[in-house]
Amino acid sequence: MEQISQFAKKFGISGGTLGQAHEYYRIFNVKCSNWMRQLSSEAVSTVCIELACAKDDIQFDKDLALRLSGLKSQSYSSAHQVVEKNLDLEKVLSLKDLAVRFGSPEAEDLAEQVLDLYKDKKKKEMGEARFLCINFALPIYLSAALLAACKKIGIKCEKKKILSVSRLAPKVFQPVFEEMSSLLVQLGDQSKPVVERNTQSAGKGKRTLKEAKTRKTKFEVLNKKFKMETVEDMVLYSPFSADFQAWKSETLKEAKEKILNENS
């Protein structure tokens, strides 16, 4: 708790906002002792301060946060997701929210279409039971659909920024994005580009789509390495996924009970 006070001084935070950060840290420490062994106190302290600042609508220095937490941007984003979710502070995003945030409202409808195509494809591949276990409202699916739509109709959208919204590592995000991009081919030319392109860039786009049909995607390579059936497994079993931690805790609990029963 002392660490939060020290960090708060560097952010120029005091009063009620500091008190809220302390409260967030205390609750997280009580509720998530398993996470406290995996995330450093520096990371948790910094995220709690950011969440307190967001609650009070106070500007937050992200660069300073990365330095104090000792984490890189993607790892910090994952830690932020864990703390936010376990404190029940996670905001529900929509495609409309993302489209507005990235200045691409024109891509919203197309993103909705490709997300629906992706869901249909997964339902056929995975079967009804497994399909119902997947939460397609997760930021990774929404951000991948929006980026794929933006690329299709020629709207500039910074991949690095949208990747941070997905809250997962590039090796997990990229296969989802590539699959959604290939599904856009099925939609044909229903959407006309919102910006004019020269012949060279248009040709480059066609080559990229053709290559997407024939080359092995990054997921296929990762699939062999991690022995996972689908990219959804990679999303669910990401080490920073709260769903993964719940599954791991339950598995360890069952194993412990089994050992105790055998020895009794």
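In which helix is Q174 found? Q174 sits in helix α12, and several of the views below return to that helix. This is a predicted model, in which local features need pLDDT of at least 70, side-chain atom pairs count only at pLDDT 80 or more, and totals for chains, interfaces and linings use all residues. Residues are numbered from 1 along each chain as its sequence is written, and side-chain values use heavy atoms, with hydrogens and water left out.

**View 1. The whole chain, for orientation.** The protein chain has 16 helices and zero strands; helices (H or I, at least four residues) and strands (E, at least two) are DSSP runs numbered from the N terminus. Of the 264 residues in the protein chain, 41% are buried, where buried means under 20% relative accessible area, exposed over 50%, and partly exposed in between (1.4 Å probe, protein chains only). Take the contacts between residues at least 6 apart in sequence: 72% of them join residues at least 24 apart. Contact here means heavy atoms within 4.5 Å.

**View 2. Q174 and its partner K159.** With a relative accessibility of 10%, Q174 counts as buried. Its side chain joins that of K159 in a polar contact of 2.5 Å. A polar contact is a pair of N or O atoms within 3.5 Å; within protein, one must be able to donate a hydrogen and the other to accept it, and residues adjacent in sequence count only if both atoms are side-chain atoms.

**View 3. Helix α10 against helix α12.** Helix α10 (residues 139-153) packs on helix α12 (residues 170-183) at an angle of about 50°, with the axes 9 Å apart. That makes α10 oblique to α12. Angles under 35 degrees count as roughly parallel, over 145 as roughly antiparallel, 65 to 115 as roughly perpendicular and the rest as oblique. Axes are lines fitted to C-alpha atoms, for helices over the stretch in contact, and angles run from 0 to 180 degrees between N-to-C directions. On the α10 side, the contact is made by residues including I140, Y141, A144 and L147, and on the α12 side by residues including F173, V176, F177 and M180. By class, the residues of this contact of α10 with α12 divide into 11 nonpolar, two polar and one charged. Here Ala, Val, Leu, Ile, Met, Phe, Trp, Tyr, Cys and Pro count as nonpolar, Asp, Glu, Lys and Arg as charged, and the others, Gly among them, as polar.

**View 4. Helix α8 against helix α12.** The axes of helix α8 (residues 108-126) and α12 come within 9 Å and cross at roughly 105°, making α8 roughly perpendicular to α12. Look for V114, L115, L117, Y118, K121, K122 and E125 of α8 meeting V176, E179, M180 and L183 of α12. This contact of α8 with α12 has seven nonpolar, no polar and four charged residues.

**View 5. D61 in its loop.** You will find D61 in the loop between α4 (41-55) and α5 (62-69). D61 is partly exposed, at 37% relative accessibility. Its side chain has a polar atom 3.1 Å from the backbone nitrogen of D63, and also reaches the backbone nitrogen of L64 at 3.1 Å.

**View 6. N86 in helix α6.** N86 belongs to helix α6 (residues 73-86) and is buried, with a relative accessible area of 18%. A polar atom of the N86 side chain lies 2.8 Å from the backbone oxygen of V82. Setting aside neighbours within four places in sequence, N86 is in contact with F28, K31, C32 and W35.
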